[in-house]
Amino acid sequence: MSRNSLSMDGYEMNLSEYRLAMFDSESSQLQESEEIQQPDKKEEADFNKQQVSDLDAILKFLYKPNELYPIPFSEVEAFIPKLTKYELSIALDKLTKDKNIEVSYPYSRNKVTNEKEYIKNDPRYYISYEGYFFLRHGGYVGQAQRNQSEADKVNALQKSSAEMERRLYYLTVAIAAGAVIASIYYSIEIYQFFYSLFHAPSL
């Protein structure tokens, strides 16, 4: 069974069908509520500090060590009411892409064909092992802090390197100037020596 497919009692993981279900759900929401402006698609959204905290909050909410059932979207939405349904869907999609959560949705068997019939508008979520491990090591907030710390170290190293190069430049200029002065001085000394040697008064 593939990484993106996992069967449970009454559930089956299928990320491609989940995304289709979320698209159907969003289409219904757009028809029933005010228009939601879509973000630019040129690159992945840049999560600010609050959004990073929201990602960790969702992970912590989905971590239920004593409960083995996936959490419905509606419960996650109720837990973080400040996020719109669209914003929450984006956050859950990021958590899914990062492999920190798994997605499932309930299904039933067709009585005639015995095929699975999914309830596409009722996705369920639970934290993955990767997500649990990631959360134990600081989550997205900890990751952001580590990235910032590394960036600060790189900036400090670059500044130190630039300062060292500047000092080395001035030292090189000083040495070169000293060499020129020394060359002029000794040239004068040599000139005076030979001048006195050939122009000394004869006895």
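A salt bridge here is a side-chain nitrogen of Lys or Arg within 4 Å of a carboxyl oxygen of Asp or Glu. The views below show a predicted model, where local features need pLDDT of at least 70, side-chain atom pairs count only at pLDDT 80 or more, and totals for chains, interfaces and linings use all residues. Residues are numbered from 1 along each chain as its sequence is written, and side-chain values use heavy atoms, with hydrogens and water left out.

**View 1. A salt-bridge network links Glu-163, Arg-166 and Arg-167.** Within it, Glu-163 pairs with Arg-166, their closest N and O atoms 2.5 Å apart. Both sit in helix α6, 3 residues apart, or about one turn of the helix. Helices (H or I, at least four residues) and strands (E, at least two) are DSSP runs, numbered from the N terminus. Glu-163 is partly exposed, because its relative accessible area is 28%; Arg-166 is partly exposed too, at 39%. For these labels, buried means under 20% relative accessible area, exposed over 50%, and partly exposed in between (1.4 Å probe, protein chains only).

**View 2. Lys-97 and Asp-93 meet in a salt bridge (3.2 Å, N to O).** They are 4 residues apart in helix α4, so about one helical turn separates them. Lys-97 counts as exposed because its relative accessibility is 55%. Look also for the salt bridge between Asp-98 and Lys-94, at 3.4 Å, N to O. Here Asp-98 is partly exposed at 32%, whereas Lys-94 counts as buried at 15%.

**View 3. Leu-95 lies in helix α4 (residues 85-97).** With 0% relative accessibility, Leu-95 counts as buried. Leaving aside residues up to four places away in sequence, Leu-95 touches Leu-55, Ile-58, Leu-59, Asn-100, Ile-101 and Tyr-140. Contact means heavy atoms within 4.5 Å. Leu-55 is 40 residues away along the chain, yet the two C-alpha atoms are separated by 7.5 Å.

**View 4. Helix α2 (residues 49-62) packs with α6 at an angle of about 140°, their axes 7 Å apart.** The axes are lines fitted to C-alpha atoms, for helices over the stretch in contact, with angles from 0 to 180 degrees between N-to-C directions. From α2 come Val-52, Ser-53, Leu-55, Asp-56 and Leu-59, which meet Gly-139, Tyr-140 and Val-141 of α6.

**View 5. Tyr-185 is found in helix α6 (residues 139-198).** Tyr-185 counts as partly exposed because its relative accessibility is 46%.
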